[in-house]
Amino acid sequence: MLLTPLLAACQMDSRQQVLATTNTQAAQRAISTRSFDTADRTAVFQGVLSALQDLGFVVDRADPVLGTVSATRFGSGFVRFTVTVRPAEGRRTIVRASGQLNQSELSDPAPFQRFFEALSQALFLQANQVD
């Protein structure tokens, strides 16, 4: 039972994760948030699912009512993405992603750029009814 205290000592709580980030909150929000010119939240939600799967993630949880998706990918590290889809003013939809690499906040902009590029492509394909 010596393992339990060791595991607890290795985990960071949410306050520690926020303080350990390398970006300011405003910079992180700019990296991890995009606005799409559509009011069709359902289509954007489906696009998020498609984009994550195209990037090799396994969707762990998807709640279309809340507009949240959690997905995991194993490879050179354990990557977890959580994405929220919400309506915005006018005919817009906001998508915000957060990520973790192993047990640390993902602050590198490249994974977010890849995700949003895949999402834009998925939305384009959906809008043009390409399977």
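**View A. Helix 3 alongside helix 5.** In this predicted model, the axes of helix 3 (residues 25-32) and helix 5 (residues 109-127) come within 9 Å and cross at roughly 30°. Angles under 35 degrees count as roughly parallel, so helix 3 and helix 5 are roughly parallel to each other. Zoom in on who is touching whom: helix 3 brings Gln28, Ile31 and Ser32, while helix 5 brings Pro109, Phe112 and Phe116. Sort the residues in this contact by class and you get 4 nonpolar, 2 polar and no charged ones.

**View B. Strand 1 meets strand 5.** Strand 1 (residues 33-36) runs antiparallel to strand 5 (residues 92-101), and 4 bridges join the two.

**View D. The hairpin of strand 5 and strand 6.** Follow strand 5 on to strand 6 (residues 104-105): these two are antiparallel and joined by 2 bridges. Gln100 has Glu105 of strand 6 as its bridge partner. With 2 residues between the strands, this hairpin also has a residue with a positive phi: Asn102, near 60°.

Definitions and conventions: Residues are numbered from 1 along each chain as its sequence is written. This is a predicted model: local features need pLDDT of at least 70, side-chain atom pairs count only at pLDDT 80 or more; totals for chains, interfaces and linings use all residues. Side-chain values use heavy atoms; hydrogens and water are left out. Two strands pair if DSSP finds at least two bridges between them. Axes are lines fitted to C-alpha atoms, for helices over the stretch in contact, and angles run from 0 to 180 degrees between N-to-C directions. Angles under 35 degrees count as roughly parallel, over 145 as roughly antiparallel, 65 to 115 as roughly perpendicular and the rest as oblique. Contact means heavy atoms within 4.5 Å. Ala, Val, Leu, Ile, Met, Phe, Trp, Tyr, Cys and Pro count as nonpolar, Asp, Glu, Lys and Arg as charged, and the others, Gly among them, as polar.
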